[in-house]
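I set out here what I looked up in this structure, entry by entry.

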Amino acid sequence: MQFHPKSLLWAAAFASLCASMGARADWAQSTDPLVIQAKPELSQVQAQNPPGFTWSRHATGPASYEIEITPVGGMPSRVVVERNWHLPTKALALGNYTWRVRPVGTADWSNPRTFSITSKSVAFEVPDNATVRNRILAKARPRSLPASVTPFSTWNTAKRADLEPYLSRLGNEVKSQVTAVPALSDSRWSVLISSPLTAAMAAQQTDVRQRINEATRQLEAAALMYRIKGEAIFLAEALKRGDQLAALDPNGPTSYVNQDQATRQIAWGLIKGIDLLGSALDANRKAQWLAAVKTRTTVIYNSLAGNNGRLDQFPFDSHGNTSLVFLVLISSLSLGDIPDAQKWFDFSFRAYALSPNPWSGPEGGYANGTAYAEYAAAYLLALWDPLSHASGVNFFGKPWTLGFLDFAMEFIPPGARVHAFGDASETRPDPRVFRAFASRMWSPRAAWFVKNTTGLEDAMSLLSAQYPLPVTDTKVYQAPSNSAYYPSIGWVAMHSDLAANSRISTFFKSSPYGSFNHSHGDQNGLLLSSAGQPLLVKAGWYDWYGSPYWSDWYHQTRSQNAITFDGGKGQLVNGYREQLQRNGKITAFTAQPTYDYTEGDATPAYGGQLSMARRQVWHLRSAANAVLVRDRLASSVARTYEWNMHTPAIMTVENPLNVKVTAGGQMLCVRSLNTGATFAKWIGPAAKANVVEDHGAFYLKSEANAIAEYLVLLDVGCLRPTVTMGMSGSVRTVSVGGQTVTLN
């Protein structure tokens, strides 16, 4: 983080002032990790201008709050809000600021917090609800499409050359699915959903989701084809699918309680069909569809609006946050047709604009892992296009969005064969998703990613998008940096050269999110690949969330490239809020031309079992791209530690200190530089069919209260660099292929 020189002096003076204040508890910052944090803070330069302000609710549950924002050396401005957040409608002037908040009618101000707006803060202004609502109502249907989506007969030669292949693909898809997609009926799903979830229940919920997604896509695709081509077959198919969706019992298998994803998808599919078909939809049918939309959306709204907006205080709800953006879209397209749509819209639109997801800070990232980030990008692509067209607020221009794309490029760069960390991280990325996501942005990095990836975008998505795509206006291409640190999620990426297909990539994680939600017990965990080939991998596979296999193996530390002890005991991953408390933290990061360095502290993740669990990682670019890993561990009782590693091919144990793995034409030699830490294989649960996994660990015994140290070299390519260790006074050094590292 960078500051103006005067800003540092001001921040120091302000910190001294705060320290001199009374020691009363600061009510705006809850000690409960599930509760929203007070932000912005710590003089941080804000990625977005204006920033969003959040705080924990006051214990008295006031009806409104007064927030005061003061530029240093200037006059304060105050505004009253009804919820525990504030998103100004206009950008702030450059400079340093303080802010504080109090319940209206009291003197109970929160502690003042500091932040900075600089030239690096990107302007992203969201008008007030009434302005956006009026803008939406003034837009002729279809609101969800840009003006560039016109009937095929109006297309010029260039547009036909670009889009006609996609139009043909989508038309053929719809026609083939007329008989292939089964008619929907509640009787298809007979299993009663209860707690705890069983395999049969999970299978039915998956089938419900898949069939509803299938039917709503057919409805939307047919309606879009009818709008562009005007052929009766597409209108008939859209009407048939819409009627089937509207006829499903909102209290049956597709109810919000049984399958929330199905309820929101049905409501979205119907209102999107209404918007696309326009006057082609007869009044009686439109009324029936709108009634289904209202019934299902009311349930969603009631769930989210409970407790004055439950996500405002407790944001860590992945399904709830996804439902929120669906509510934004459904309400945007329902305005003028459903009276309650204004209430839905006013509740959801600016709340969503404030923060599109709870899994990272404003710099981007996605704590749940890149597989779920890809899933999020896919539904954001489907929802943000119509939302931006309808509202005039371009969510692809939000600073968080480019940070989110940067995160994807760092951790699943072009050619990556697996995802990184968390659930489904063993699966293969689909570059088409983030390629399409990037194509909606004006950014040299987005343009670079589009240029360096391949794959056809989904035809319906492209035909619904602005033509030509925004990325075509960017003529400058810039690869992302060779290393990146995402402080809010505790992830670090280190590449030899991200722009090269031969890149060596090291990923490190020590996250404040701990093992919460789709994250795992992998604090201070490592992943490593060469030329896209994984060499140190996450073991296991994702069958379903919360399954016995997930709980007993896949979610556990032993299935990660991380530290366990005494026969596989690892980080504590049980509980709920405890998963956020048993976490990790990146304590150091630096990026230099010849090396990257990071350090993580995972001690809290072990829940008191260890008194120290620190890992340092050096990615040495000038030393044949070797990676040096140092762990320092301690416990109040004697332990045998395990430095676990998992590979996608059978390892060769050359001797107790050296292990070699060859996979996909790439090699990795792992060398223990501590002669007391020796290697042995161990057997884990069976891998997925047709997948090879091998497991092993360097074992190191340690006495009670002693500091045990691992020093492990990851020699990519098995170049066998010369390694020497020395001591100068109290300073230890390690030289790898002539590049020296100081062990602090």
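**Entry 1. Disulfides.** I searched this predicted model for cysteine sulfur atoms within 2.5 Å of each other, and the count came to one disulfide. Cys669 and Cys718 are the partners, with an S to S distance of 2.1 Å. I then asked which parts of the chain the pair links. Cys669 belongs to strand S23 (residues 666-672), while Cys718 lies in the loop between strand S26 (708-716) and strand S27 (723-728). The two cysteines are 49 residues apart, and the pair links distant parts of the chain. I noted the torsion about the S-S bond as about 100°, so the disulfide is right-handed. Are the two cysteines buried or exposed? I found Cys669 to be buried, and Cys718 likewise.

**Entry 2. The sheet.** I traced the strand order next. Eight strands make up an open sheet, running S16-S17-S18-S19-S26-S23-S22-S21, with antiparallel pairing. At the edges I found strand S16 (585-591) and strand S21 (652-655), each of which pairs on one side only. From one strand to the next the twist averages 15°. I note that S23, the strand of Cys669, sits between S26 and S22 in this order.

**Entry 3. Strand S19 and its neighbours.** I followed S19 on both sides. Strand S18 (residues 612-620) is joined to strand S19 (residues 626-634) by nine bridges, and the two run antiparallel. Taking Gln616 as an example, I found its bridge partner in S19 to be Arg630. The hairpin of S18 and S19 has five residues between the strands, and there Ala624 adopts a positive phi near 55°. Towards S26, I recorded seven bridges from S19, again in an antiparallel arrangement. Leu633 has Ala708 of S26 as its bridge partner. How many of the residues of S19 are buried? Eight of the nine are, so S19 is largely enclosed by the rest of the structure.

**Entry 4. A helix pair.** I turned to the packing of helix H2 (residues 129-138) against helix H9 (residues 341-354). The crossing of H2 past H9 is right-handed. I listed the residues that meet: Asn129, Val132, Arg133 and Ile136 from H2, and Gln342, Phe345, Asp346, Phe349 and Arg350 from H9.

Terms used: Residues are numbered from 1 along each chain as its sequence is written. This is a predicted model: local features need pLDDT of at least 70, side-chain atom pairs count only at pLDDT 80 or more; totals for chains, interfaces and linings use all residues. Side-chain values use heavy atoms; hydrogens and water are left out. Helices (H or I, at least four residues) and strands (E, at least two) are DSSP runs, numbered from the N terminus. Buried means under 20% relative accessible area, exposed over 50%, partly exposed in between (1.4 Å probe, protein chains only). Two strands pair if DSSP finds at least two bridges between them. Axes are lines fitted to C-alpha atoms, for helices over the stretch in contact, and angles run from 0 to 180 degrees between N-to-C directions. A crossing is left-handed if the near helix is turned anticlockwise from the far one by less than a right angle, and right-handed if clockwise. Contact means heavy atoms within 4.5 Å.
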